[in-house]
Amino acid sequence: MHGPEPEWGESVSDWPGADSEWDESPSGTFEPSPTPRRAAGRTHLPAHKMRWGLLAVAVGAVLAAIVTLSISGFRNSHGLEAHEPAGGAAGGRVNTAFGTATAGDCLTWADPRTLDLSKVNCADKHLFEVTADIDLADYPGREFGPGTRFPDSLRFAELRDEHCVTAAQTYLGGRLDPRGRFVVGMINPGEPAWTSGDRTIRCGLQLVSATGNATQDTVGRVRDSDQSRIWDPGTCIGINQNLPTNEPVDCAKPHAYEVISTVDLGPQFTGDPPAATDQDKFMQNQCARVAGSYMGGADSLMNKTLTVFWDDLDVRSWLVGSHKLNCLVGKGAQDGFSSITGSAKGNILIDGQAPVPPPKSGRSTPAPLPGAAAPPR
C-alpha cells in the first residue's frame with residue numbers, strides 16, 4: 001500500500017465530542033454540554049460543530065429556527081393579501097388563505113415580504129402544511145384581550161413551543177421525527193390584523209433550514225411522507241461560516257458537503273432499533289461501495305483529500321419510521337467544514353485551492369525547519 005491511507009469512512013457520532021448533547025439555555029440559544037464524551041484516537045473536525053451542522057437544525061437551529069415564521073413577518077401595513085388556489089386575489093381579509101386555513105391545508109408564497117399567501121393542493125409544491133389554527137382569544141386572562149399589544153418575537157417563540165409542538169404531534173398521531181426533515185413552525189396574523197382583533201395563529205410543518213425560514217418547497221403531506229432527513233444523490237448543501245446551511249445549492253457554488261447515495265437501513269435491521277455501532281458497520285460498507293464509482297475511481301477520494309461520512313438514526317427517529325441515511329463527502333476544518341467548490345465527481349477547490357494529493361509511494365520527508373542541521377549522509 002502506497003503512502004498513508006486516509007481514515008475515509010466515519011460516522012459523525014465517532015468524532016470527538018459527537019456524543020455531547022446540545023442543551024437549550026434560558027436565552028433560547030443552544031450550548032454544548034460541559035462534559036462531552038470523546039471518542040479516542042480522532043483528530044478530525046470537532047464533532048460538536050459537525051453535529052450542529054448536520055443535526056441541530058432538525059430541532060431548531062438556534063433562536064432563528066425556534067421562532068421561524070412566527071416572527072418572520074407575514075405582516076405589513078395592509079395585512080394579509082392572499083388568494084385561494086382556484087381564484088384570483090381576494091377582495092379583503094375575510095376570505096384570505098390565512099384566515100380560512102385549517103389543519104391539513106398547504107400554503108405557499110412567492111415572497112414573504114409581499115404576503116402573497118396562497119392555498120395549494122398538497123400534492124403540489126408548497127412551503128407550509130397547517131397542523132392547527134388556534135384562536136388565542138379563547139384562552140383565559142388579559143394577555144390576548146381587546147386592545148392588547150402585538151407580542152414580540154420571543155413571546156411568539158414561546159407560543160409556538162406551547163401550542164404548535166403539541167399540535168404537530170396530534171396531527172401526525174405522535175409520529176413527528178425530532179431529527180427529521182420537518183420542523184414545527186408558526187404563522188402569526190400580523191400586527192395590523194392583531195390590532196383589528198385577530199388573535200389566530202396557524203401552526204404548521206416546514207422543511208428544516210439553518211436560517212429558520214421556510215425557503216424549501218416540499219410535495220405531499222408530512223403524514224404520508226418519509227421524514228428521514230435525506231437528499232437526492234448529487235445534492236450539495238450550502239455553507240455559511242464553516243457550517244452547513246441545510247439548504248441545497250448548485251455544486252458550482254461553495255458548499256459544505258455533497259450527497260453521494262441514500263441508504264435504507266430498514267431491510268437490514270428488521271427487529272429492534274439498531275445500535276449506533278451496528279449502523280456504522282453497515283453504513284461503512286455501503287458508503288465504501290459507492291464512493292469510488294461516484295467519484296470516478298478508487299483513488300479519487302484520497303487524491304481530493306475528502307472524507308466520506310454519515311450520520312446515525314436514534315431510537316425516536318427509528319420508531320416513527322425514519323430508516324434512511326445519506327452517504328456524504330466533505331472535508332473537515334478547524335471550526336467546522338472546509339468550503340468546497342465544484343462537484344466531487346470532477347475538479348474541486350477546497351477553501352479556494354486545488355487539493356494536494358498525498359504522496360503515492362514511499363514516505364515523504366518533511367522539509368527541515370529553518371536553521372536545522374543538514375541530515376547525516
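Trainee: Which residues of α4 are buried?

Mentor: An α-helix has 3.6 residues a turn, so residues three or four places apart point the same way. In α4, the buried residues (under 20% relative accessible area, with exposed over 50% and partly exposed in between; 1.4 Å probe, protein chains only) are Arg155, Phe156, Ala157, Leu159, Arg160, His163, Cys164, Ala167, Ala168 and Tyr171. Helices here are DSSP runs of H or I with at least four residues, strands are E runs of at least two, and both are numbered from the N terminus. The model is predicted: local features need pLDDT of at least 70, side-chain atom pairs count only at pLDDT 80 or more, and totals for chains, interfaces and linings use all residues. Residues are numbered from 1 along each chain as its sequence is written, and side-chain values use heavy atoms, leaving out hydrogens and water.

Trainee: Why does the span of α4 agree with its number of residues?

Mentor: The expected span is 1.5 Å times one less than the number of residues. Helix α4 covers residues 153-171, so its 19 residues should span 27 Å, and the end C-alpha atoms, 25 Å apart, agree with this.

Trainee: Where is the kink in α4 centred?

Mentor: The bend at a residue is the angle between axes fitted to the seven residues ending there and the seven starting there. In α4 a kink of about 35° is centred on aspartate 161.

Trainee: What is found just after α4?

Mentor: Glycine 173 has a positive phi of about 65° there.

Trainee: Is lysine 304 buried or exposed?

Mentor: Lysine 304 is buried, because its relative accessible area is 13%. Lysine 304 sits in the loop between α7 (300-303) and β12 (307-310). Its C-alpha atom is 9.6 Å from that of lysine 331, which is 27 residues away along the chain.
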